[in-house]
Amino acid sequence: MNDNRAQFWALYLSRFAEGFGFITLITLLPFYIQTLEPTDTTVFGLTISAGIIIGLYTSGYTIGKALSIIPLSWLGDRFDKRLVLLGVLGLSIVVYALFPLVDSSASFILLRALQGVAVTGSGLMGLSLVGQIADVGTRANYIGKANAASFAASIVGSLSAGVLYDSFGFGPIFTIIVCVLFVAWFGTYRYLDPDETRVYGFPFTGLAFNRRILTLSSFRVQYAFSVEMVRVWVAIFAGVSAAEGGLAFGAFAVSLVVAAEKFTNMVCQPFTGRLSDDYGRALFVFAGGGAYGLVAFVVPFAPAIGEGLSLPATYPGLGHLSPAFLPLLGLSALLGVVDSFREPASMALFADEGTSEGGVASSFGIRELVWRPGSIIGPLLGGWLMTEVSMASVFYVGGAFALTGALTFLVVLTRFHGTDALQSW
């Protein structure tokens, strides 16, 4: 039997590998849009606009996630989570090996859907096992460390994707991802003990009506719209052309903007997770969610902030960008800081309920299901807003969802759990 330290490191490695692949696709998204050139398409007499197809570049991924949550969660609770984790890591290796063959929007969306299945399985099993192995009093801290591993991969992935794409195109990027995933698969096989917990029946039934989970869901169902719009469109805003409402930064500059959010989130999460263990997880969910919405409102003003501060438009190694570069970089970093308060606290609360009610994978599965409407509809709404209204409107609507989610959570929490629930949870 491996000691817990080795098991945690194996799980952190699997989080690193999936985070590496995920952020690479986010970083390359504006360049896939320009390469594949989506246009209006008619299917069975129904016209699908280019904006909706752009949204499907992200929603295809989230549709795959949505369809796989319940079966994968059930498999994890009913059987060996380690075997399920090995299976989805293997699927990831196949999917990323196929991405260089993409030649149309349809094939890209299909592979994104399969990627969604693999990432969902890896996240559910990895976080369930972290929560299961950790003691309740340290759960948010260990989950924060697992998330930090994912964010570290995001930084490496986004920066390397930008450099490699500018130099070599898409192909070599996916070769590296496949190699990293294989190392993670082997580490999981070698160092993670078999999971001997077994939950019979269908744990979703009881957990779906758990009062704490319902309270958290009042926030999460709205907050998903915010994150899935704001996080993706920061990269799109930075990379697409001025004619499409963007700033037309090069691939490496886009990578830096994306990596800024991941870096601050990575650095802060182990610390904020530990604080939420000590001072109240619900408080951190409320504060982090509300602050995310406020920062999102400011993102469209990055060009005006740069002009107002007379910031430079040219940078060594990056060439000519615009005065908006430093403000957008800083705002992306700030989004990472405020979200680091929310994420480990939220995950630990779901792990607490799943562990005590006998179905930790199903608890995380419900957490994922609540996120799905926003993750599917949000990018479609963002694509429509970008093409039919304005780029700025994506951030205004996304920010509003975060604020309404935080306020709804506060009202439900205090109404049904008491005024001290912000600190006692």
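**Helix geometry and packing in a predicted model**

Along α6, the buried residues are I173, F174, I177, V178, L181, A184, G187 and T188. Among the elements that cover these buried residues are α1 (4-36), α3 (81-98) and α5 (139-168).

The protein has a mean pLDDT of 84, with 93% of its residues at 70 or more. The lowest confidence falls in strand β1 (residues 41-43), where the mean is 62, and the highest in helix α10 (residues 281-298), where it is 93. Where pLDDT is low, the predicted coordinates should not be read in detail.

Helix α10 also takes part in a helix pair. It packs against helix α8 (residues 211-239) at an angle of about 35 degrees, the axes being 11 Å apart, and the crossing of α8 and α10 is left-handed. From α8, the residues F219, Y223, S226, V227, V230 and R231 meet V285, G288, G289, Y292 and A296 of α10. This contact of α8 with α10 is made up of 7 nonpolar, 3 polar and 1 charged residues.

A further site concerns a lysine in helix α2 (residues 50-78), namely K65. The relative accessible area of K65 is 11%, which is under 20%, and K65 therefore counts as buried. Apart from neighbours within four places in sequence, K65 is in contact with G116, V117, V119, T120, E368 and R372.

Definitions and conventions. Residues numbered from 1 in each chain as written. Predicted model: local features only at pLDDT ≥ 70, side-chain atom pairs only at ≥ 80, totals over all residues. Heavy atoms only, no water. pLDDT = per-residue confidence, 0-100. Helix = DSSP H or I, 4+ residues; strand = E, 2+ residues; numbered from the N terminus. Axes fitted to C-alpha atoms, helices over the stretch in contact; angles between N-to-C directions. Left-handed = near helix turned anticlockwise from the far one by under 90°. Contact = heavy atoms within 4.5 Å. Nonpolar A, V, L, I, M, F, W, Y, C, P; charged D, E, K, R; others polar. Buried < 20%, exposed > 50% of the residue type's maximum accessible area, 1.4 Å probe, protein only.
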